[in-house]
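Thanks for asking me to look this over. Here are my notes, point by point, to read alongside the model.

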Amino acid sequence: MHHFRSLKLVLFAALSVIGGNVAALQRRQCSETGNALAIANELQSKYWNSISGSYTGGELWTDANTLEDLHNLMLATNSNTFGTIADNSYIGKAALNPLTNWNLFFGGSYDDAQWVILALWKIGDYKASRGEDYSQYMSSSLAIYAMVAAQWDDTCGGGVWWSSAHTYKNAITNELFLLTSAQAYSRTGNKTYLQNALKEYNWLMNSGMQGSDGLFNDGLDLSTCKNNNATTWTYNQAVIASGLGALYVATARSNETLLTQAQVSLNATMHSSLTYNNTLKESCDDANSGGTLCDKDQQIFKGIWMKHVQYFLDFANDASITAKYRGFLALQNSAVIRNALNATDDVGSVWFAPDNGGSEWGPQASASGLEAVISAAKYGTQPVCPA
């Protein structure tokens, strides 16, 4: 995928702005990246534990997402502000150790494993752009991938298991497997990865996890191999889109149907109970004190939706598709800044309304806000910030 490389905005000749208005327009259109830097600095200052190499109150998979976010941001801004974090993180140290036992490291969690793969690839992209050696990050990512790929079997017709307990086949683990398989092929040229991506694509799109409303549910009931009608979450709807986008690239951009399918769940998200007043909202989000609370996992879901829309648009590389989502991405950025950002640049978990005691605070909620602002800085502006 490609990344925008500076904070300077390329203005198109068709825009009739002159003099001081040009500078004002530049600030307005790409100021989100400045907000992202402020949020990232607060996230590192408040939650990062340099001794453990992890986030206080974080979890393995959310830490992986946050490391990915920092490197996504540095690639976006052509900066090195957080350039030493990866090698000193517990995830980075494990990746740099060729003797790491990944089965033991992940404890049989195959969705967590794939979030780490994505983080290692983003770290590698950053290092490659700086002329640094990233080979061990790549080697570790492929070792982790092989562990996950071995979890494919014929139960319910295919798919990889959520965990080594083999009690659940769910949407996110298989959406991630589509994404990691397609990207692994694009990164290595090894056709086994492409074959896995195509196999996953065919199974996932026929699994029944996508309902008639276009949204992916949580997973399958193993007793029936049908949709379990469990909670619908935001992040499922965008990770499938980035996976389909990655497969589009892996198949030489030859199948436009993949882009059409990807937009089904994205469009459904924007017109469903997953939004309130055009703002993403999980079913557990409540701005009022004493209401429902999202757990640590759920607090990062909305930001992952934003991040993977960014990745989908990167893969699609189509101005007409980008135009469909620009306004909604901008609205999420505005909601985060207006309703969730506090005076110290930390971000709460609730975006859809001002915090009335119900918003939760922690590294997951902060990373979620960071993901939203980074995505909006690239694609939520008009014209689009430079690629």
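Where is the place of G291?

1. G291 sits in the loop between β6 (279–280) and α12; helices (H or I, at least four residues) and strands (E, at least two) are DSSP runs numbered from the N terminus. With a relative accessible area of 29%, G291 is partly exposed, a label for values between buried (under 20%) and exposed (over 50%), using a 1.4 Å probe and protein chains only. G291 and G358 lie 67 residues apart in sequence, yet their C-alpha atoms are 6.6 Å apart in space.

2. A word on provenance: this is a predicted model, in which local features need pLDDT of at least 70 and side-chain atom pairs count only at pLDDT 80 or more, while totals for chains, interfaces and linings use all residues. Residues are numbered from 1 along each chain as its sequence is written, and side-chain values use heavy atoms, without hydrogens or water.

3. The largest nonpolar core holds 106 residues, and W115, I144, W305, F312 and L370 have the most contacts inside it. Helix α6 (residues 110–129) gives the most to this core, with 11 residues. Such a core is a set of buried Ala, Val, Leu, Ile, Met, Phe, Trp, Tyr and Cys residues joined through side-chain atoms within 4.5 Å. Beyond its neighbours within four places in sequence, I144 is in contact (heavy atoms within 4.5 Å) with W102, F106, A113, V116, I117 and L120.

4. Helices α10 (residues 234–250) and α12 (residues 301–316) have axes that come within 8 Å and cross at roughly 20°. Axes are lines fitted to C-alpha atoms over the stretch in contact, with angles from 0 to 180 degrees between N-to-C directions. The pair is therefore roughly parallel, since angles under 35 degrees count as such, over 145 as roughly antiparallel, 65 to 115 as roughly perpendicular and the rest as oblique. Among the contact residues are A238 and A241 of α10, and W305 and F312 of α12. By class, this contact has 15 nonpolar, five polar and one charged residues; Ala, Val, Leu, Ile, Met, Phe, Trp, Tyr, Cys and Pro count as nonpolar, Asp, Glu, Lys and Arg as charged, and the others, Gly among them, as polar.

5. Helices α13 (residues 319–340) and α14 (residues 363–379) pack at about 140°, their axes 8 Å apart, which makes α13 oblique to α14. Here T322, R326, L329, N333, V336 and I337 of α13 meet G369, A372, V373, S375, A376 and Y379 of α14. That contact divides into seven nonpolar, four polar and one charged residues.
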